[in-house]
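I opened a new notebook for this structure. The entries below follow the order in which I looked things up.

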Amino acid sequence: MNRYVIAAIGLAVVLILNAPLVKAADITLQARNDVRNECMFERYKPWSLNALDFYGKDRWEYIGGQWTGDACKAGTAKAHSGDTQPLRTERFYESPEYYFWRGDRSGGERILSIDVERSLRLNHDDAAFYSVSFGRVIEISGMIKKGDADRLAQFVQSRGLLNCLEAGYCPVNNVISLNSPGGNLSEALKIAKYIQKNQFITLLDKDATCESACSFIFFAGFSEYEGYFHSRRFAHDTAKLGVHRPAVTLPKDTFSSDRVEQIIKLVDDVKVEAVRQFIAAKVDLTILEQMYATLSSEMYHLSVPELQLIATVFESPPSRAKSLNRSGVLALCSGLYRQEYGNPNAQILQTLDVRSDSFVAYDPHGEFVCYGAKTSFGEWVYDSCGETRNIGDCAMHFLGCRPSARAKEFWSIYEPSGANCSKEETDYTDIFAEDVARGNLGEALDFMRGADRQKAARNALSGDTGWMLPTWVDAAVPPTAFCGAIDFRDPMVARSLQSLLDRGGFDPGGIDGMLGAGSFEAIARANRALLNSQSDAPSRNLLIALGMTAQQVDTLVLCQ
């Protein structure tokens, strides 16, 4: 008699008749923790724990972005007891400010919780970093099949790898590293439940691939304590996380109505559980939308900025590219905006201005600017301003100088430091400062000439400031949110537009591939004359009105 088995290839739920045997996933204990040994924290900007002496100050002290002691070098970090013994939970509480006592200090129990100096959120965030840096690493690789959840639990139990302070309370538990193309979805969801219940760290190591059903296991790296959600997901920027739409495939056969109803209910139950875990893990809903928009026969791999929405991403060494990839800068700046405000913004594409030694993108109607510059050493650095930073201080840092006393409204609110702006600069810096004081950084930036914005970016990043531009920017593609749009500031597109304007009798002031004041004045005249529009923004309709065919315009859109 035929056996009916519900399995999953990737996320595609498949009904298999006489299902063939599938090799179980490999579950192994790695010999070392590469997060620490390969110094992945070296360039991770938000982590700056002061002198937490995990294993002796002469060996592992992480202060303000630099390893001290053994000088963190890839592949040369020395082994210690954490490589061969279970993670020593008590080491996280070496300093009294990390203690919270249940009972009195003489006979009470130390627990990780809120105290007079540090919040519960910070303690648990630090615990996650401690775990991924010093924990034992359990790797799950290969296809996931039925029974793998029980095998993982037995593997952990038999080797003493469950590192909990009490049942269900494991803020410094070990690491589950993933490298799997997917497999049985229902089994992956069981593994995800086990990981979340015990608050394991989930990790995508260098060049790892985690697709389809495996993605739900990765999403399970989180914890919730006393109403606070804590992500415990980490990934290297070279890793690939892939999702696609669940699907049902039935073999050619005749099924009774009862059998069909049973199949549909089983499939629906699996789908509901998948979405429930997706939401519980607080994965950005745009990723869920992208998953259902991708055919089950295809795979959507998250970009690094999308991965940063749901996980801590370790970045590769900085980019040394001679020229910038516009798509990569767009991905970087739109990703930073999305981290600030939760959604993409078309204005980032429309304002993105990339030059040979600097770039700027901003929201002309809000409080955001992303900018970068090339250092004298040939490396690119970047920074950004948004609602999570003091806009006044951030804006003054962007200018790189102090406005004059004429900017009275600004001076009544802020006290900027640094050198005074030069006489040549005060024409725009004073107005910029006044606009910032009135609460609109975007309008202040929009008022500046493009050359002045670029100069400000270079000034702001001329010292030892900013973050190193990561290597992934060099090869990034346009974010999906911008697919179908036209990047009018791309030099090739801009030059074509300027040529069309010039031939149409709307002098752009030169054909140089850079949209400046002359180009936008010409665009405004063309819009009024040809489209009866008062806008000074270029558009698809304007290109066609100026003589381009629809087919030619289609070749200019992003993500072809």
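**Entry 1**

Is Cys214 buried or exposed? I looked up Cys214 and found a relative accessible area of 0%, so Cys214 is buried. I use buried for under 20% relative accessible area, exposed for over 50%, and partly exposed for what lies in between, with a 1.4 Å probe and protein chains only.

Before going on, I note that this is a predicted model, in which local features need pLDDT of at least 70, side-chain atom pairs count only at pLDDT 80 or more, and totals for chains, interfaces and linings use all residues. Residues are numbered from 1 along each chain as its sequence is written, and side-chain values use heavy atoms, with hydrogens and water left out.

I then looked for the partner of Cys214. Cys214 forms a disulfide with Cys210, and the two sulfur atoms are 2.1 Å apart. A disulfide here is a pair of cysteine sulfur atoms within 2.5 Å. The torsion about the S-S bond is about -110°, so I recorded this disulfide as left-handed.

**Entry 2: other disulfides**

How many disulfides does a search of the whole structure find? The search finds four.

One of them joins Cys333 to Cys370, with an S to S distance of 2.1 Å. I noted -60° about the S-S bond, and the link of Cys333 and Cys370 is left-handed. Cys333 lies in helix α10 (residues 326-341) and Cys370 in strand β21 (residues 369-374), so the pair ties together parts that are 37 residues apart in sequence. For such names, helices (H or I, at least four residues) and strands (E, at least two) are DSSP runs, numbered from the N terminus. Cys333 is buried at a relative accessible area of 0%, and Cys370 is buried with a value of 0%.

I looked up Cys483 and Cys559 next. Their sulfur atoms are 2.0 Å apart, and they form a disulfide. The pair links distant parts of the chain, 76 residues apart: Cys483 is in the loop between β23 (467-468) and α17 (491-503), and Cys559 is in the segment after α20 (550-554). The S-S bond has -75° about it, and the link of Cys483 and Cys559 is left-handed. Cys483 is partly exposed, with a relative accessible area of 36%, and Cys559 is partly exposed at 38%.

**Entry 3: helices α5 and α7**

At what angle do helix α5 and helix α7 pack? I found an angle of about 35° between α5 (residues 185-197) and α7 (residues 257-280), with their axes 10 Å apart. Axes are lines fitted to C-alpha atoms, for helices over the stretch in contact, and angles run from 0 to 180 degrees between N-to-C directions. The crossing of α5 and α7 is left-handed, a word used when the near helix is turned anticlockwise from the far one by less than a right angle.

I listed the residues that make the contact (heavy atoms within 4.5 Å). From α5 they are Leu185, Leu189, Ala192 and Lys193, and from α7 they are Val270, Glu273, Ala274, Arg276 and Gln277.

**Entry 4: Phe506**

I found Phe506 in the loop between α17 and α18 (517-531). Phe506 counts as buried at 12% relative accessibility. Leaving out residues up to four places away in sequence, Phe506 touches Leu501, Ala522, Arg525, Ala526, Ala529, Leu530 and Leu546. The C-alpha atoms of Phe506 and Gly518 are separated by 9.9 Å, and these residues are 12 apart along the chain.

**Entry 5: salt bridges**

How many salt bridges does the structure hold? There are eight; each is a side-chain nitrogen of Lys or Arg within 4 Å of a carboxyl oxygen of Asp or Glu.

I looked up Glu187 and Lys190, whose closest N and O atoms are 3.9 Å apart in a salt bridge. They are three residues apart in helix α5, and are therefore separated by about one helical turn. Glu187 is buried at 3%, whereas Lys190 is partly exposed at 43%.

Asp284 forms a salt bridge with Arg338, with the closest N and O atoms 3.2 Å apart. Asp284 lies in the loop between α7 and α8 (285-293) and Arg338 in helix α10, so this pair ties together parts 54 residues apart in sequence. Asp284 and Arg338 are both buried.
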